[in-house]
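User: Please walk me through this fold in short steps. I am new to reading structures.

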Amino acid sequence: MPTLKKTFIILLFILTLIIITGCSGLKSQDHIQNVGMLVDGTIESQAWNEKGYEGLQQIGEQYDVNVFYKENIVTEQEIESAVNEFVEDGVNLIFGHSSIYGNYFIDIAENYPDVHFVYFNGGYSDDNVTSLNFNAHAMGFFSGMIAAEMTDSNHVGMIAAFQWQPEIEGFFEGVKYQNPSAEVTVEFVNNWNDKETAADLYEKMRENNVDVIYPTGDSYSEEIIKRASEDGIYAIGYVANQSEIDENTVLTSTVQHVDKLYEITAEKFNEGELEGSILTFDFADEVISLGEFSPSIPESFQKFMEETVETYIETDLLPNER
């Protein structure tokens with residue numbers, strides 16, 4: 001009898017382990033527990049950060065989880081400390097709301113195998129590190145087409161943040177496709193947030209007869225658009241729909257719906273489908289769009305651009321590729 005009793009106890013112990021393991025599997029590392037977000041500036045400093053924060057809040061509401069964010073996190077030490085705090089709070093999905101986080105995430109991800117790290121616009125990935133990239137080439141192409149159509153001086157300009165931005169080549173190609181005789185000037189701020197340098201580059205372009213300008217740095221685009229409005233030249237908005245600044249000045253905006261991309265990513269993660277890889281999103285994914293058209297643009301050309309974008313969504317081919 002003692003042997004039977006001992007056997008029964010062992011079997012009961014094994015059964016208990018199976019039940020516990022099975023129950024824990026219902027909430028694996030691929031299911032959202034809590035979510036964290038790191039920002040290299042502040043939430044209110046630019047539309048890009050604001051929209052990321054909105055996406056974070058939407059995830060919290062949709063999945064009924066706690067969400068946390070930390071601002072002005074830039075250095076390796078700050079990132080490691082913030083990640084540790086998130087993990088202590090039960091976070092298993094962390095968004096780094098900038099390209100700067102990619103390299104750091106790669107370095108620390110192996111120390112947190114139960115956490116998935118996500119960041120934007122970078123070339124690093126690992127088993128639990130994902131890079132989310134907007135296909136900015138296409139939005140640059142469409143903005144180039146519009147700039148080329150609306151210029152009177154045949155001289156358009158772009159104030160870019162960095163040379164690696166895909167929208168730069170797209171803008172140039174779009175201008176040349178729509179108006180081969182138009183001249184394109186591109187200047188670089190080499191910083192997302194340097195409004196003073198961006199303003200100096202704007203003045204230089206205006207003096208050189210640029211009459212349509214595309215500032216592709218979210219933190220300084222609003223300032224440049226306001227200057228363009230005062231000077232009576234056209235501009236194209238960036239990241240957010242900036243027509244509210246001056247609908248006659250802002251021909252359109254290349255809008256990146258990063259808040260929606262947060263939701264898409266969270267859904268993939270919660271369903272166990274988020275890969276550690278470099279993912280690219282485009283107009284067809286409904287995370288990039290053109291904003292409202294200015295009444296300054298003839299209605300016939302507005303319709304033409306709408307059809308052009310729709311064809312691109314259907315075929316994945318830009319006009320110069322068809």
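**The six-stranded sheet**

Analyst: An open sheet of six strands runs in the order E7-E6-E8-E9-E10-E12, with mixed pairing. Strands are DSSP runs of E with at least two residues, numbered from the N terminus, and two strands pair if DSSP finds at least two bridges between them. This is a predicted model, where local features need pLDDT of at least 70, side-chain atom pairs count only at pLDDT 80 or more, and totals for chains, interfaces and linings use all residues. Residues are numbered from 1 along each chain as its sequence is written, and side-chain values use heavy atoms, leaving out hydrogens and water.

User: In which sense do E6 and E7 pair, parallel or antiparallel?

Analyst: Strands of a sheet pair through backbone hydrogen bonds, in one of these two senses. E6 covers residues 155–160. Over six bridges, the sense is parallel.

User: What is the phi of Asn121?

Analyst: Most residues other than glycine have a negative phi. Asn121 is in the loop between strand E4 (116–120) and strand E5 (129–134). Asn121 is not a glycine, yet its phi is positive, at about 55 degrees.

User: Is Asp316 buried or exposed?

Analyst: Buried means under 20% relative accessible area, exposed over 50%, and partly exposed in between (1.4 Å probe, protein chains only). Asp316 has 53%, so Asp316 is exposed.

Terms used
Helix = DSSP H or I, 4+ residues; strand = E, 2+ residues; numbered from the N terminus.
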